[in-house]
Amino acid sequence: TFNPKMDHLTCFLPGTLALGHANGLPDWHMILAEELIYTCYLTYAAHPTFLAPEITHFNMASATEDMYTKAADAHSLLRPEFVESLWYMYQITGNNTYQEWGWQIYQVIKKYIFLYKYYRVALLLIKLIDYEKNTRMMC
């Protein structure tokens, strides 16, 4: 059966496709790389913490909410794949958007690592976090 979801690990693929295109593979590799990297970016931008969940589910029945996160998937393991793909996409295309997205993600990861004393960010719930409550608890 078809399950409309995407694991965060998939975000390595845009960089791989872009490298293939840069080394002579067909144009559709770059088109797919650009579309997929945008989808990966949206998995970050869709959450108040700007951290992507481990698994994003796609809502095929709604015209207004394209993506959602199940509670069991609402955590971030700080995987580097998306940032690596952003680096390759920037290097290959020269498009500053990829550099800006990488900087946004770096700032968010830095914020939560310092806030939660290194790597406890992996345990944060993406959608359900009460930022103010947790900030007070850490002080």
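The model shown here is predicted, with local features needing pLDDT of at least 70, side-chain atom pairs counting only at pLDDT 80 or more, and totals for chains, interfaces and linings using all residues. Residues are numbered from 1 along each chain as its sequence is written, and side-chain values use heavy atoms, leaving out hydrogens and water.

**View 1. An aromatic cluster.** Tyr38, Tyr41, Tyr44, Phe50, Phe82, Tyr98 and Trp101 form one aromatic cluster. The structure has eight aromatic pairs.

**View 2. Tyr38 and Trp101, a tilted pair.** Ring centres sit 6.2 Å apart with the planes at 35°, so this one is tilted. Tyr38 belongs to helix α2 (residues 27-45) and Trp101 to helix α4 (residues 96-115), so the pair ties together parts 63 residues apart in sequence. Helices here are DSSP runs (H or I, at least four residues), as are strands (E, at least two), numbered from the N terminus. Tyr38 is partly exposed at 44% relative accessibility, while Trp101 is buried at 12% (buried is under 20% relative accessible area, exposed over 50%, partly exposed in between; 1.4 Å probe, protein chains only).

**View 3. Tyr41 and Trp101, a stacked pair.** With centres 4.1 Å apart and planes at 15°, these rings count as stacked. Tyr41 in helix α2 and Trp101 in helix α4 are 60 residues apart, and both are buried.

**View 4. His47 in its loop.** His47 lies between α2 and β2 (55-58) and is buried, at 7% relative accessibility. Its side chain makes a 3.3 Å polar contact with that of Thr69 (N or O atoms within 3.5 Å; within protein, one able to donate a hydrogen and the other to accept it, with residues adjacent in sequence counting only if both atoms are side-chain atoms).

Definitions and conventions
Phe/Tyr/Trp six-rings, centres within 6.5 Å; stacked < 30°, edge-to-face > 60°.
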